[in-house]
Amino acid sequence: MLPRLHLDWETRSTTDIKNTGMHVYCEHPDTSIWLCRYRFEGDAEVGEWRREQPFPQRIIDHVAAGGTVVAHNAGFERTVWNVVLPRQLGCPMPRMTIEQQDCTMARAYAMGLPGSLELVAKIVDAPVQKDMAGSANMKRMAKPRKKLDNGYVIWWDEPDRIQQLSDYCKDDVLAEEGVDNVLPALSKDDRETWVMDQRMNERGIHLDINFAARAWDVVEVERGRLDKKMNALTGGVVTACSRRQALVDWLNARGHSVTSLAKGAIEEVQAAIAVRADALAKRAVELYVQSNRTSTSKLKKVQETVCADGRSRGTVQCHGAFTGRWSGRLWQPQNLKRLGDDDGPIIRLATIIILQYDAETACNILEAAFGDVIEVISLCMRSVVCAEEGRELIGADYSNIEGRLIAWLAGATLKLEAFAAQDRKEGYDLYNLSYANSFGIDVTTMPKKSFMRQIGKVQELALGYQGSIGAYINMAANYGIKPEEIAELVLKNCTQDDYDKAAWAYKQPGANHFDLDREVWIGLKIVVNLWRASPLNADVAQFWWDLQDAALEAVTNPGRVVHVGKTGRIAYVVSNGFMWCQLPTGKCLAYCNPRVRTKTTTRVREDGSEYEQISRSVEYDGWDGEKKKWGTIHLYGGLQANHVTQGTAAEIMKRGMKNLEAGKCLWGGTLASNLRQRTGALRCFQNILTVHDEAMAEVKECENDEQRKELIYIFETLMLDVGPEFNGLPLAASGWMDKRYVK
């Protein structure tokens with residue numbers, strides 16, 4: 001058996017890899033290799049190669065023979081080998097394959113650890129740590145010292161700097177080895193997922209850069225117009241919408257108490273202005289919000305990430321989220337604006353306008369047709385993703401998979417039946433049903449579309465993971481629903497008992513009132529309480545406590561397997577310094593260094609007297625996405641519900657995508673065999689992107705709509721046939737085909 005090889009490059013370029021991604025970076029003719037450090041398993045010393053030397057034949061032979069190459073973020077080492085090294089040496093090299101690589105970063109992600117080599121080496125206490133002092137020298141040497149007007153590039157090539165870079169690279173190899181020795185190998189299934197992910201990222205996504213550039217020109221025109229409007233509105237005090245502090249000062253001069261216009265404070269400022277009915281201030285804030293939307297910045301970003309063949313690569317990270325879901329990279333396709341039911345036709349029309357007219361004219365037409373030009377263009381970001389000439393995009397997403405999964409994991413029978421009835425196009429609208437169950441009214445008396453339905457919709461989307469008033473407010477804002485409107489309707493229809501329970505919660509020490517009026521807060525709390533207690537959701541609410549209790553039992557009894565709730569589809573066990581949460585497929589989420597957390601909370605009785613409440617739960621060491629650092633994470637039932645639901649959704653997505661790649665069902669299901677009888681043969685789909693609960697591929701352009709319908713049916717079926725572990729789950733997928741990523 002061939003020994004394993006650890007390999008690490010140090011490169012330089014006139015282009016910035018953080019902006020372009022590694023594929024554009026490696027493709028750029030100015031990109032080259034300073035040196036590499038390497039060590040074969042069993043060798044005493046770490047080898048070195050520098051750019052002026054012949055490349056080591058032993059490494060070439062190892063790669064040619066299919067020997068294992070270990071690296072942290074292995075895709076970079078592979079791309080440098082396959083693209084940069086042959087160009088630099090001026091001779092062909094044996095191709096390094098995905099299958100022969102072992103990625104320690106992927107293994108870290110699978111263990112719930114951060115992807116940074118520096119951090120993971122510290123966490124696993126590797127014998128050699130990453131040299132952060134040498135990191136500054138590496139970052140300097142990766143970029144030119146100077147670029148002359150004639151195009152000549154001067155690099156930081158002093159011998160002592162190169163030696164420091166070599167020493168830094170050596171420590172990286174040793175740190176990687178330390179991580180490699182500690183982290184377990186990927187499971188067979190996770191390994192197959194990683195290989196599929198690497199292939200998908202190498203295929204890339206075709207982008208319409210012409211459209212991106214033209215749409216950005218429209219954004220620039222519109223921002224210029226908004227600046228002029230702001231300047232005129234404020235009498236020259238605020239000359240541009242980007243001048244946040246000047247606008248704050250102008251608002252305060254008009255008698256408003258404003259300290260910030262940051263994202264989280266805007267809604268509060270707008271509500272306060274509305275109370276005083278200050279039309280000028282209201283319009284000024286509207287102009288500020290319109291101009292400063294960040295979603296359109298992707299139009300600039302995508303143009304930097306496109307390779308010579310028009311495709312953007314490396315845009316998603318396998319297991320980038322703790323739950324096992326993909327996360328976005330570069331221009332973050334995971335953060336594309338979600339579409340409403342009526343947005344598709346708007347995007348199609350706006351795309352045509354942007355492509356057919358100059359920026360000024362397009363801006364005029366879009367403003368006349370839709371009002372908020374920048375909002376429309378942020379929706380049109382999806383139009384940048386398109387198929388190559390002679391091809392079409394095909395995709396499908398799982399319908400409300402999180403709502404279905406949490407009900408299935410919790411054993412919420414009534415809710416599962418409601419989903420199944422909805423899929424059969426029977427029964428009642430789920431959001432109407434949610435409101436009716438919460439407020440004890442007859443769902444048959446509710447109109448199909450009403451404000452009550454909107455309240456039910458926000459309930460379903462905001463409260464499933466133990467969300468309360470804060471989550472409800474944030475979700476309501478996404479749908480343009482004001483808390484005051486909700487509270488007014490709720491307070492008219494609630495019982496005195498409902499009101500008293502919410503009023504008691506209002507006066508508890510530490511209760512977050514979100515600067516809401518007392519009656520508004522109470523009205524929203526009633527919504528939360530009734531949703532949790534309704535027959536439709538009581539099992540889901542109980543599931544939160546079952547998860548919290550199971551984790552606590554597992555931590556206090558290491559080695560004991562604790563199954564959760566009445567379905568037992570989730571289980572916890574503690575061993576080897578981790579708490580393992582087993583999902584229905586057998587996949588485990590890993591919680592590092594779990595321990596019991598004891599908390600004392602002051603509570604108030606009905607008579608006004610206080611008492612101390614002691615509670616116990618689990619905390620662990622993990623990556624805090626908001627604080628962007630490794631630290632203590634407090635587990636509670638709602639967060640655990642989020643983890644197991646999204647983790648299971650990720651498992652379903654992976655199975656569906658593997659079916660698509662194989663062109664057959666791999667999990668022993670029956671749908672694909674039924675499909676074969678209908679179509680005579682299945683077909684393979686090469687995944688190019690996954691966004692949340694959606695998979696996408698690119699296929700040869702169909703001749704007619706009948707072909708498209710048949711292809712969509714095959715695509716949907718392969719995504720739905722995910723194995724007997726999910727029996728009883730009402731899984732549904734909605735497919736589409738188009739030249740652009742517009743559903």
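In which helix does Trp545 lie? Trp545 belongs to helix α26, where helices (H or I, at least four residues) and strands (E, at least two) are DSSP runs numbered from the N terminus. The model is a predicted one, in which local features need pLDDT of at least 70 and side-chain atom pairs count only at pLDDT 80 or more, while totals for chains, interfaces and linings use all residues. Residues are numbered from 1 along each chain as its sequence is written, and side-chain values use heavy atoms, with hydrogens and water left out.

Trp545 has a relative accessibility of 43% and counts as partly exposed; buried means under 20% relative accessible area, exposed over 50%, and partly exposed in between (1.4 Å probe, protein chains only). Between Trp545 and Val564 the C-alpha to C-alpha distance is 9.6 Å, at a sequence separation of 19 residues.

Trp545 is also one of the residues that lie nearest the centre of the second largest pocket, together with Gln466, Lys525, Arg532 and Arg603. On a 1 Å grid over the protein atoms alone, a pocket is an open set of points where a 1.4 Å probe fits, with protein on both sides within 12 Å along at least five of seven lines; lining residues have an atom within 4 Å of a point. The lining of this pocket comprises 35 residues. Elements giving two or more residues to the lining include α25 (518–533), α26 (538–556), β16 (588–604) and β17 (610–624). The most is given by α26, with 5 residues. The space in the second largest pocket is about 1500 Å³, a volume being the space filled by probe spheres set on grid points joined across faces, edges and corners. By class, the lining has 13 nonpolar, 14 polar and 8 charged residues (nonpolar: Ala, Val, Leu, Ile, Met, Phe, Trp, Tyr, Cys and Pro; charged: Asp, Glu, Lys and Arg; polar: the others, Gly among them).

Helices α25 and α26 pack with their axes 6 Å apart, at an angle of about 95°, and are therefore roughly perpendicular to each other (65 to 115 degrees; axes are lines fitted to C-alpha atoms over the stretch in contact, and angles run from 0 to 180 degrees between N-to-C directions). Trp531, Arg532 and Ala533 of α25 make the contact with Ala538, Val540, Ala541 and Trp544 of α26 (heavy atoms within 4.5 Å). This contact has 6 nonpolar, no polar and 1 charged residues.

In the loop between α24 and α25 is Phe514, a residue other than glycine with a positive phi near 50°. Phe514 is partly exposed, at 36% relative accessibility.

Note on methods:
Parallel < 35°, antiparallel > 145°, perpendicular 65-115°, else oblique.
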